[in-house]
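Student: I would like a close look at one part of this model, namely the strand pairing and the core beside it. Please treat it in one connected account.

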Amino acid sequence: MSFELKLDHVSLHVKDLVTSVAFYQGVLGLPEIENKTGRPHIRWFGLGPQMSLHLISGAVDAPDRRPAATHFAVATRQ
């Protein structure tokens, strides 16, 4: 069986949803898209064709360690 895999979405738990939305929407210019969960503590943003970023509020404390291997990256062009 042969099939193609592609990135669908990235989810981030954030401590402050309002501040995080301001950054991803206001600074990076990501468009907000329909949140298909309908949950008010989750916001969805488009990252390109059929890819999205999900911000989920509720992270209470920062992790003890922040390994460099745990990240996602976006590239921009001017």
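Tutor: E3 and E4 run antiparallel and are joined by six bridges; strands (E, at least two residues) and helices (H or I, at least four) are DSSP runs numbered from the N terminus, and two strands pair if DSSP finds at least two bridges between them. The model is predicted: local features need pLDDT of at least 70, side-chain atom pairs count only at pLDDT 80 or more, and totals for chains, interfaces and linings use all residues. Residues are numbered from 1 along each chain as its sequence is written, and side-chain values use heavy atoms, with hydrogens and water left out.

Within the E3 and E4 hairpin, two residues lie between the strands, and Gln50 adopts a positive phi near 60 degrees. Trp44 has His54 of E4 as its bridge partner, and Trp44 in E3 also stands opposite Ile33. E2 (residues 32-33) pairs with E3 (residues 42-48) in the antiparallel sense, over two bridges.

On E4, Leu53 is opposite Phe45 and is also the bridge partner of Val10. E1 and E4 run parallel, joined by six bridges.

Val10, Phe45 and Leu53 are among the nine residues of the largest nonpolar core, a set of buried Ala, Val, Leu, Ile, Met, Phe, Trp, Tyr and Cys residues joined through side-chain atoms within 4.5 Å. E1 (9-14), H1 (17-27) and E4 (51-57) each supply at least two of its residues, and H1 gives the largest share, three.

Note on methods
Buried < 20%, exposed > 50% of the residue type's maximum accessible area, 1.4 Å probe, protein only.
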